[in-house]
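Please examine the sequence and the model first, and then consider the points in order.

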Amino acid sequence: GIIRAVTDNGIHAIGKDGVNIYPQVVTTQCHIDASRACTGEMLLQLTDANGRTLESRTFDAAHVETMHLENYPSGLYFIRLSNNGETKVTRVMKVK
């Protein structure tokens, strides 16, 4: 899916090329870069494979955000990003 974020310059798509989450196979942390796609606050939620919210916070989309996963067990997790009513969900795999 594509997120659409309204900015002062109009509407920008946050799709594959708009938000960069790296790496997607994680040992300790991953980074979320939405700076090319939108401005303002973005809601970040980390959920486990059962849909339980483990972490929820906002960050300024103009800066690269770091998600620390070192205290979580190995497994599949989902990072949900929301901005202006639009949402993008990306899978990340935590390994030891």
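1. Val25 lies in strand S4, which covers residues 25–26; strands (E, at least two residues) and helices (H or I, at least four residues) are DSSP runs, numbered from the N terminus. The model is predicted: local features need pLDDT of at least 70, side-chain atom pairs count only at pLDDT 80 or more, and totals for chains, interfaces and linings use all residues. Residues are numbered from 1 along each chain as its sequence is written, and side-chain values use heavy atoms, leaving out hydrogens and water.

2. Val25 counts as exposed because its relative accessibility is 54%; exposed means over 50% relative accessible area, buried under 20%, and partly exposed in between (1.4 Å probe, protein chains only).

3. The protein chain contains 10 strands and zero helices. Its pattern along the sequence is β-β-β-β-β-β-β-β-β-β.

4. Among the 96 residues of the protein chain, 38% count as buried. The largest nonpolar core has 19 residues, of which Ile21, Ile32, Leu69, Ile79 and Leu81 touch the most other members. Strand S5 (29–33), strand S6 (41–48) and strand S9 (75–83) each contribute at least two residues to this core. Such a core is a set of buried Ala, Val, Leu, Ile, Met, Phe, Trp, Tyr and Cys residues joined through side-chain atoms within 4.5 Å.

5. In the protein chain, 49% of the contacts with a separation of 6 or more join residues 24 or more positions apart; a contact means heavy atoms within 4.5 Å.
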